[in-house]
Amino acid sequence: MDQDLKDRLLLPPRAASNGPHRRGKPAAPGGGGGGGGVTIDVHGLKKRGGGRRSWVRVDAATGAAEAVEVAKPALMRRLDLPARDLRLLDPLFVYPSAILGRERAVVCNLERIRCIITADEALVLRDPDADGGAAAEEAVRRYVDELQRRLVDRADDLPFEFIALEVALEAACSFLDAQAVELEAEAYPLLDELTAKISTLDLERARRLKSKLVALTRRVQKR
């Protein structure tokens, strides 16, 4: 990535904040401090919502990948995206999978693949500090590797956006399929045990498995 592109993407360092917010204890009745409520710890929300985020950038022309830090305001200006579109990608919030087609970019939230695709590049969000960070990092690595392979081996004239979106959809389907296989591997032996002998423990296990299956079915139906 040339210096001019980096200058457009990366914001200057943010000024130091006034210090982290802390969760406080309720004030004593009649005491000072206004209403005796609980101070909400919003420091993390502000930092994650507006600060720089780590992305993997895949160049459409060469397939080269590099780690970059891009601030949310910079993305909004550069790609003419509203804040609500980028909020869809924030791992801090839980949103159903979605693909948003905008004039200059496609915003994708597909299971563990959260990315912004343009005609020139794909920006794949990394969030190593989130729950399941190692698995999410592996999902991002596989996506980038597969996208690079498709760009090298492609034998048609499909636009880059279609290729990147196709790889993201395949990654989401593979993830859901793997979860279904795990549930099957646990459910069939349990059903065999219940056929031979019914026990309270096995019934509770069957109930938990059914809840997982219903949740997975709903996720698939929303995709």
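What share of the 223 residues of the protein chain count as buried? In this predicted model, 30% do, where buried means under 20% relative accessible area, exposed over 50% and partly exposed in between, with a 1.4 Å probe and protein chains only. Residues are numbered from 1 along each chain as its sequence is written, and side-chain values use heavy atoms, without hydrogens and water. Because the model is predicted, local features need pLDDT of at least 70 and side-chain atom pairs count only at pLDDT 80 or more, while totals for chains, interfaces and linings use all residues.

The protein chain holds seven helices and six strands. These are DSSP runs, numbered from the N terminus: helices are H or I with at least four residues, and strands are E with at least two. Along the sequence, the pattern reads α-α-β-β-α-α-β-β-β-β-α-α-α.

The six strands form an open sheet with antiparallel pairing, in the order β2-β1-β6-β5-β4-β3. Two strands pair if DSSP finds at least two bridges between them. Strands β2 (65-71) and β3 (98-101) stand at the edges. Each has a single partner strand, so one side of each is left without a neighbour in the sheet. From one strand to the next, the twist averages 20°. Strand β1 (residues 52-59) pairs with strand β6 (residues 121-126) over six bridges, in the antiparallel sense. Here Val-56 has Val-124 in β6 as its bridge partner.

Two helices lie across the sheet strands. Helix α3 (residues 72-79) lies across β1, β2, β5 (113-117) and β6, and runs at about 100° to β2. Helix α6 (residues 160-196) lies across β1, β3, β4 (106-110), β5 and β6, and runs at about 175° to β5. Axes are lines fitted to C-alpha atoms, for helices over the stretch in contact, and angles run from 0 to 180 degrees between N-to-C directions. Contact means heavy atoms within 4.5 Å.

The largest nonpolar core has 24 residues. Such a core is a set of buried Ala, Val, Leu, Ile, Met, Phe, Trp, Tyr and Cys residues joined through side-chain atoms within 4.5 Å. Cys-108, Cys-115, Ile-117, Tyr-143, Val-144, Leu-147 and Phe-160 touch the most other members. Two or more residues come from each of β1, β4, β5, β6, α5 (133-153) and α6. Helix α6 gives the most, with seven residues. Leaving aside neighbours within four places in sequence, Leu-147 is in contact with Val-58, Ala-122, Phe-160, Ile-163, Ala-164 and Val-167. A second, separate core has 16 residues, including Leu-89, Ala-105, Ile-116 and Leu-125.
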